[in-house]
Amino acid sequence: MEIAKRAKQISPSLTLEITARAKKMKADGMRVVSFAAGEPDFNTPDYIIEAGHKALEMGLTKYTPAAGTVELRNAICAKLKNDNALDYDKSNIVVSNGAKHSLFNAFMAILEPGDEVIVPSPYWLSYPELVKMAGGVPVFVQTKPENSFKLTPDELEKAITDKTKAFILNNPNNPTGAVYTRSELNALAAVIEKHEIFVVSDEIYEKLTYERRHHSIAAYSDILKERTIVINGLSKTYSMTGWRIGYAAADEHIASAMSSMQSHSTSNANTIAQYASTVALSDKYHGDAFLEDMRATFDARRALMMLRLQRLGIKYIEPKGAFYVMASVKEFEGKSIEGQRIRSAYDFASLLLEQVQVAVIPCEGFGAPDYIRLSYAASEKDIERGLDAIASFLAQLID
């Protein structure tokens, strides 16, 4: 018996492969420095944990509406208005099992088989797979390092065809750390307004920007807002990755479709996590203090990692948001260590883990085959130790 074609066309994750190897090495007693993390290394704030405890003690453990509790959806509406100048009603909000689930629901709601979705490259590796699962066709548009790997209006215009149904915008970006300015977003929005296409705007790293404020493309105009599905969640913002709460804000007919599909697949997101998330968004005093502390810590680590990469002569893209640095390893391709030759970023990452026990993510799966991604969701001590180990690795390379 054969499995379905849709399952066969999904690519395996290199991120999970490297991470699994690093975890096994740690379990075997090896001292591994991991720059592979896709989650903050902070614990969930105490006030949110306490809210979860309180929900359990109050017996708030039953089903909720498929789209989420009224309280949480109202809290999300207030957040979107205060932070992003976006007016939504609770009927526009669908709470899901993480932002990835929100993305899946969005593509399932808007795509017909064969519809094209523009995916600027480099991209988060799950985007093309999610598009394919919904029957769509990812169309990759290679951005340029001289533009900080940000899509330009001309590049977007040239990529749009009569088959284009949607455009994915990831701002701030994983893996590059790029952050679009308001004027850059406005220029993209002007192109989109000329065409009947959706924007799926993934803003999960919204609160982790270091040099400029985050802006949502949906705020450009009422027309853009109607066509935009804003994706966000609490995973990165409040270090709640395991709580699995993401959400989408969209025009009511799209939100209704997403909610209906979710009701027949997963039903509501975790009930206790929803109540805790309502408190997370509503308690500005504790929330803002936690966010500023986390952002400042990541900013200091960002500076340290860039300094150490500069000293090693490794070229990188300066990140303005998220918690990743994308660094080029092209100059090391063709070199070897212990008789093993580096032919790709995957080889570089694999040998780095094997030889000096440092885990980084090869960016082949992100549409950037000559780059690796280093996460600075790690202590300054580990950043120093890991970069020392990378320096030792580079010193052993031979032509």
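When I speak of helices and strands here, I mean DSSP runs numbered from the N terminus, a helix being H or I over at least four residues and a strand being E over at least two. Please keep in mind that this is a predicted model.

With that in hand, Phe 149 sits in the loop between β4 (137-142) and α7 (153-159), and its phi is positive, about 55°, although the residue is not a glycine. Most residues other than glycine have a negative phi, and most peptide bonds are trans. Is Phe 149 buried or exposed? Its relative accessible area is 7%, and because buried means under 20%, Phe 149 counts as buried.

Ala 85, in the loop between α4 (70-84) and β2 (93-96), likewise has a positive phi, near 55°, but Ala 85 is exposed, at 60% relative accessibility.

Turning to the peptide bonds, the one from Ser 121 to Pro 122 is cis, with omega near 5°, and Pro 122 belongs to the loop between β3 (116-121) and α6 (126-133). The bond from Asn 174 to Pro 175 is also cis, with omega near 25°, and Pro 175 lies in the loop between β5 (164-170) and α8 (182-193).

Finally, the sheet: four strands form an open sheet in the order β9-β10-β15-β14, with antiparallel pairing, and its edge strands, β9 (316-317) and β14 (361-362), each pair on one side only. β14 pairs with β15 (residues 371-375) over two bridges, and Pro 362 stands opposite Ile 372 in β15.

How values were computed: Residues numbered from 1 in each chain as written. Predicted model: local features only at pLDDT ≥ 70, side-chain atom pairs only at ≥ 80, totals over all residues. Heavy atoms only, no water. Pairing = 2+ DSSP bridges. Buried < 20%, exposed > 50% of the residue type's maximum accessible area, 1.4 Å probe, protein only.
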